[in-house]
Structures are given as C-alpha cells and as structure tokens.
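Subject: Structure for your review

Hello,

Please find the structure we discussed below. My notes on it follow.

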Amino acid sequence: MSALSPLPDFETAINQEFGTIAGLIGLHAALRPDNPALRDDSRTLSYRQLDELMNRVAAALQRDGLNKGDAVAVCAASSVNYAALFLGALRAGVAVAPLAPSSTPASLVRMVQDAGAQALFLDASTADALREVTGVRRIALDGSGSEAFEAWLAAPGSRPAPVNVEPGTPFNIIYSSGTTGEPKGIVQGHGMRWAHVRRGSKYEYDPQTVTLLSTPLYSNTTLVVFFPTLAYGGCASLMPKFDAGRYLQLAAQQRVTHTMLVPVQYQRLMARPDFDRHDLSSFRYKFSTSAPFNAALKADVLKRWPGGLVEFYGMTEGGGTCILEAHLHPDKLHTVGRPAEGSDIRLID
C-alpha cells in the first residue's frame, strides 16, 4: 500500500478470503492509534506503539538474515515484549516456536533443534531451564541476559522489507503430546489462524474488547483468544502467573469482556468466598479448553458469572474440532458440543 492509497475499512479487511493478523494490527494502528493493545503489570502499549515495536522486531530479524519460513523459539513468562516479539516475527514471515518453561532441559534442547530456531528469546525465569541449549543466539526479553531485547531491536523508526505471506506460510510451531512421549512440533499456517480470527465476530470481539489472559502464551489455549482480540482491535491484558484473587481484582478494575481459563482455574475462582463480591458484569464471553470440564462446574459458572461460556475441544491439531456454547445448550453440559465449522467428525473403533 502506498502512502497515498486509501486505508481499507476494517470490515473489508476482515472479510477477505485471506489476510494477516500483523496487517490488521497495522490497520488498527492507523485507524485508532491511541487505543490500548497490550498490557502487563509494568506497562501498556497503544496500537501505534505496538505497530512500531513489531516493525523493529521484524527489521531486526531480517537484519540477522532470517527469511520467510525460518523460525525462532521463545521460552519466557507472558509479557508485552513476548507478545510483541511473536507478532513482529509474524510480520517478517518468521514462524514462532513458543516453548513451555516447565519442560525438561533435555526436551527444550530437542524442541529448539527440531524447530530449526535461529534465535532463542528467554527471560530470567527460564534462563536456568535453558542452560543446555547451546549454539543458538540468546536474547533476553527482560534485559537480564548478555544480549538484551532492547539492544537487539532495530533502531526506532525502522521498517522491515515487505514479505508476501501466504496461507501455507508457517505461523507457529506448537509442541504437544508431552504427557505421552517426546513433544511433537505441530506446524500451523497463517491460513488456519486467519480462519480462526474471522469467526471472532461471533464472539463479539471489537475495539472495546478487554481480554484477560492468565494462561501462558506458549499454549494454544491462550493463542486462540489472544489473536482474535488484537485482530479486532481490542486489548490483551497479560498475567505472567495465575492468582485467583488478583485475577478477580483485574477483571473488575479493567472491565474485562473476554477471557480464557482452563477448568482448574474456573474451579479455584468459583470456590473463593469473595467471588460474588466482584463486579464481573462487563463479561461477554468466557472460554475454556485443555482438560475435561465438569458439567456441575459449568452450571455454576453459567449461574454466577455473567456472559457466555464456550468450550473448545481438539485445539492444537484442528484449531477447535468441537465447540460447546454452554450458555445456549445448558442441557448438554456433559458433552464437548457440536463439530466446528469446517470440521468433519469420524468415530472409529
């Protein structure tokens, strides 16, 4: 797009057969530059600031010789820098392999090697776990290492060379199945993520959205709501670690509209004696995945927590193979819902 080309409106952009999340963030930066985009305990970035930081990340990766289809790995606590690194890499056409800090050092070595990562982004909380990962450049997102993220970034005002990202271009590499053997890398393309964000309007994502995320950014559980939040111009509020009391305080203070939680988090929240004293009336949708969600607990959430409740099943491999909209089917809380749009279900012995 040239400097003189008119900006597309958002509805035109989101209804394209294919587009990119990084492109939508750039559009929001032009249309509503001062709206908050990312927030953690230390700072908030507006869409203008996020777009500029993504450009610096993408330009730095290109400066270092990474091309479309190459990969970087990141293993750190959730933060604004983590999110900006992920999004900036996507702008450069570079795939991101987000790794679980709880993995063993030996598993982390294998995952970094398997992904073909040309750089490793970490922080002080993961440096010890990553001690056996050698032969790859290490950049500290929190400035704690020998090469700090701020020093690694391209200069302010830098812009990356345009990259022609296609539906099949690798978006991320999610490592899964660690409970049954060595984690296996699942490559997901930009086309799959684009299909996910396009269904976001069904769940009322918009520029007034505030999504509170206490699950980690390495997990597909988190990413399935993180990306639609930003694609629709909302704000993603990141908690580096889940704490039930702190979660409820932030949800009320920030007038949160969306969230993703795993069932054990719902259990801990609903069991708090002070749960009903927090104003959660701003919620539109709550999501869950990752583990079995007891029907009685779902019923309690529906009764006491405003907004819809949606459960995804089969996230990593299929991006949500089945979906239960629990608030619409209160008599089906023992199920995983209906097949998602575009999914074919086959039952085999």
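First, a definition for what comes next: a residue is buried when its relative accessible area is under 20%, exposed when that value is over 50%, and partly exposed in between (1.4 Å probe, protein chains only). Helices (H or I, at least four residues) and strands (E, at least two) are DSSP runs, numbered from the N terminus.

Two notes on sources. This is a predicted model: local features need pLDDT of at least 70, side-chain atom pairs count only at pLDDT 80 or more, and totals for chains, interfaces and linings use all residues. Residues are numbered from 1 along each chain as its sequence is written, and side-chain values use heavy atoms, with hydrogens and water left out.

Overall picture

The protein has 12 helices and 15 strands. Its radius of gyration is 20 Å, close to the 20 Å that the globule rule gives for 349 residues, so the protein is as compact as a globular protein of that length. That radius is taken over C-alpha atoms, and the rule is 2.2 Å times the number of residues to the power 0.38. Along the principal axes, the C-alpha atoms fill a box of roughly 55 × 50 × 45 Å.

Of the 349 residues, 54% are buried. A contact means heavy atoms within 4.5 Å. Among contacts with a separation of 6 or more, 66% come from residues 24 or more positions apart.

Helix α5

Which residues of helix α5 (residues 105-115) are buried? They are Pro105, Ser107, Leu108, Val109, Met111, Val112 and Ala115. Their cover includes β3, β4 (95-98), β5 (117-122) and β7 (170-176). Glycine 116 follows α5, and its phi is positive, near 65°.

Isoleucine 139

Isoleucine 139 sits in strand β6. It is buried, with a relative accessible area of 1%. Leaving aside residues up to four places away in sequence, isoleucine 139 touches Ala119, Leu120, Phe121, Leu122, Glu147, Ala148, Phe149 and Trp152. Take alanine 119: its C-alpha atom is 7.5 Å from that of isoleucine 139, and the two residues are 20 apart along the chain.

Charges and salt bridges

There are 32 positive and 33 negative side chains, and the centres of the two sets lie 3 Å apart. Lys and Arg count as positive, Asp and Glu as negative; His and the chain ends are not counted. Each charge is placed at NZ of Lys, CZ of Arg, CG of Asp or CD of Glu.

A salt bridge is a side-chain nitrogen of Lys or Arg within 4 Å of a carboxyl oxygen of Asp or Glu. The whole structure holds 14 of them. Three of these deserve a look.

- Aspartate 34 pairs with arginine 48, with the closest N and O atoms 2.9 Å apart. Aspartate 34 is in the loop between α2 (21-31) and β1 (36-39), and arginine 48 is in helix α3 (residues 47-63), 14 residues apart. Aspartate 34 is exposed at 56% relative accessible area, while arginine 48 is partly exposed at 36%.
- Arginine 91 pairs with aspartate 51, with the closest N and O atoms 2.8 Å apart. Arginine 91 is in helix α4 (residues 80-91) and aspartate 51 in helix α3, so the pair ties together parts that are 40 residues apart in sequence. Both arginine 91 and aspartate 51 are buried.
- Arginine 137 pairs with aspartate 64, with the closest N and O atoms 3.0 Å apart. Arginine 137 lies in strand β6 (residues 137-140) and aspartate 64 in the loop between α3 and β3 (71-75), so this bridge ties together parts that are 73 residues apart in sequence. Shared partners join Arg63, Asp64, Arg137 and Glu147 into one salt-bridge network.

Backbone points

Most residues other than glycine have a negative phi. Glutamate 204 has a positive phi, near 65°. Glutamate 204 lies in the loop between α7 (190-198) and β9 (210-213) and is partly exposed at 41% relative accessibility. Serine 290 also has a positive phi, about 90°. Serine 290 is in the loop between β12 (285-288) and α11 (295-304), and is exposed at 55% relative accessible area.

Best wishes
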